[in-house]
Amino acid sequence: MEFRTEIKLDNSPFQINHQDNIISIGSCFADNIGYYFEKYRFNVIKNPFGVLYNPASIYNSLNLIYENKIFTEHDLIFDQEEWHSFYYHSSFSSHNSKQVLDNINYNQLQLKSFLPKTDIAIITFGTSIVYEYKETKNIVSNCHKIPAGNFNKIKLTLDEVAAYIKKIIYLLKTFNNNIKIIFTVSPVRHWKDGAVDNHISKSILLLAITSLLDDNIMYFPSYEIMMDDLRDYRFYKQDMIHPNETAVEYIWEKFSSIMFNKNCIDLIYKVEQLNNAKNHRPRNCKLEKHQLFLQQQLKNIDELIKKYPHLKLDEDIKYFESQLVNQ
């Protein structure tokens, strides 16, 4: 007897390895998948604009990079004693407008440099519902807790969502025509929109994405894995909305099973051993046994770099060297 409906994944039209430059953009799931890429030392930029939920916002943010946008104070809004950008997450907000502009413009330049070298883009949509700031008629990426009366809530149609996704694809290919794109729909329910509108919103995203797939553009079913395979509240956080760590790790394992070849998985295993070594906490760091352990880790890192020169382990070297006595 079978007691669950496990999702059978199709083979990926392309694969990912540690030599790839990766960018992950979108909803909370983009953060979750980006965390694992960081953990296993892939070269990844994770949600550089902060969390973005809808295709219009993701397109607008990428288009700002394409247009070489330099932000000025006229592009910011002042509310609740802080400066904000409607195109960036509140983590960029501050009481100091210069600090906001410096952080945003630095980020813009970093992305302008990274995108032409990007091999893999992972784009996660959470909703097809957008918010338009009444004063400017612009769709915002983040409302920054400004009163709802300042915004129009708009449900994008299937044609509108498809048009935005096409423009996202066009922009990414403008930066690098050989880029591979992975689209996902976030398994996080937008419960504030209500159960019916949430399902309609997700359905529109799914229909639009799957109409645009080709050999360099694929869909990964993170939403379906959560809804149909992990359909038990033990896989959710306390809010009963967000997937918990067990669920996210399970989805990552599913992703890994089709996106990585054996060599890549072997390297992930070696990096995991390195992570375990960094998490080792001795009672006495100055003991000779622990000092020999640290020296062995540095030797292991040196061997990894010789075999995989593209692997970025500078921070790991700094960590182990900092623990050595008399260093």
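Reader: Does Lys306 count as buried or exposed, and at what relative accessibility?

Author: Before the case, note that this is a predicted model, in which local features need pLDDT of at least 70 and side-chain atom pairs count only at pLDDT 80 or more, while totals for chains, interfaces and linings use all residues. Residues are numbered from 1 along each chain as its sequence is written, and side-chain values use heavy atoms, with hydrogens and water left out. Buried means under 20% relative accessible area, exposed over 50%, and partly exposed in between, with a 1.4 Å probe and protein chains only. Lys306, at 64% relative accessibility, therefore counts as exposed, whereas Asp302, at 37%, counts as partly exposed.

Reader: What do the side chains of Lys306 and Asp302 form?

Author: Side chains of opposite charge can pair when their charged atoms come close. A salt bridge is counted when a side-chain nitrogen of Lys or Arg lies within 4 Å of a carboxyl oxygen of Asp or Glu. Lys306 and Asp302 meet in such a bridge, at 3.3 Å from N to O; because they are four residues apart in helix H9 (residues 288-307), about one helical turn separates them. Helices here are DSSP runs of H or I with at least four residues, strands are runs of E with at least two, and both are numbered from the N terminus.

Reader: How many salt bridges does the structure hold, and which residue pairs with Arg41?

Author: There are 15 salt bridges in the structure. Arg41 pairs with Asp316, their closest N and O atoms lying 2.6 Å apart. Since Arg41 sits in the loop between helix H1 (28-39) and strand S2 (43-46), and Asp316 in helix H10 (residues 314-323), the pair ties together parts that are 275 residues apart in sequence. Arg41 and Asp316 are both buried.

Reader: Which residue forms a salt bridge with Glu315?

Author: Glu315 bridges to Lys318, with 3.7 Å between the closest N and O atoms, and both of these residues are exposed.

Reader: How much space lies in the largest pocket?

Author: On a 1 Å grid over the protein atoms alone, a pocket is an open set of points with protein on both sides within 12 Å along at least five of seven lines, and lining residues have an atom within 4 Å of a point. Grid points are joined across faces, edges and corners, and the volume is the space filled by probe spheres set on them. The largest pocket holds about 450 Å³, and of its 22 lining residues the closest to the centre are Tyr53, Tyr131, Ser141, His190 and Lys192.

Terms used: 1 Å grid on protein atoms, 1.4 Å probe; cavity = no way out; pocket = protein on both sides within 12 Å on 5 of 7 lines; lining within 4 Å.
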